[in-house]
Amino acid sequence: GMKRLLIVVDYQNDFVAGALGFEKAKTLEPYIASLIEQYKKKGDDDIFTMDTHQENYLNTEEGKYIPVVHCVRGTEGHKLYGKINRLAGGFLVFEKRAFPSSQLCFYLRGCDYDEITLVGLVTHLCVLSNAVMAKAALPFAHIVIDAKGCADNDETLEKEAFDVAKGMLIEVIND
């Protein structure tokens, strides 16, 4: 049968309810939780990415552009949000220092997924860039962004991100 993967991108406390949190992000929790459980039930795979910074964040390249300390390893803000933290137990987690995860890309290159679906935060940054990474790693796989499982604090940029994704032959569903 079809080999499927769900990638849950950066659904962490600081992006949902912490330093960079916003209301819409909280509303995704039940939908993302149900997707994780559906994939698990069917024997499909789940992978999680976590934005991960150090105390020196403000002195980094990203810190110059987004001067808000967030997702520092070892803090509450770094942990996955709510129910998702529990559901991630036992699954692969990629900690990443930039929007896209090069480690995720290298890992996927050794896999044979037919379909990869991405959900999480924030649509125009980490969701889009990791969808592109998945496309680079597995050019013959069908890559999907499930808009119902994504949120962005900038709706214009989110809409543009969906358009850019479609232009790169990444399917956007539920938008």
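Helices (H or I, at least four residues) and strands (E, at least two) are DSSP runs, numbered from the N terminus. The model is predicted: local features need pLDDT of at least 70, side-chain atom pairs count only at pLDDT 80 or more, and totals for chains, interfaces and linings use all residues. Residues are numbered from 1 along each chain as its sequence is written, and side-chain values use heavy atoms, leaving out hydrogens and water.

**View 1. Glu29 is a buried residue without a salt bridge.** Glu29 belongs to helix α3 (residues 29-41). Buried means under 20% relative accessible area, exposed over 50%, partly exposed in between (1.4 Å probe, protein chains only). A salt bridge puts a side-chain nitrogen of Lys or Arg within 4 Å of a carboxyl oxygen of Asp or Glu. Lys and Arg count as positive, Asp and Glu as negative; His and the chain ends are not counted. For Glu29, the nearest side chain of opposite charge is Lys83, 5.6 Å away.

**View 2. A cis peptide bond joins Leu121 and Val122.** Its omega is about -20°. Val122 sits in the loop between β4 (115-121) and α7. Most peptide bonds are trans, and most residues other than glycine have a negative phi.

**View 3. Asp10 has a positive phi, about 50°, yet is not a glycine.** Asp10 lies in the loop between β1 (4-9) and α1 (13-16). With a relative accessible area of 0%, Asp10 is buried.

**View 4. Asn174, also not a glycine, has a positive phi near 60°.** Asn174 falls in the segment after β6 (171-173). Its relative accessible area is 47%, so Asn174 is partly exposed.
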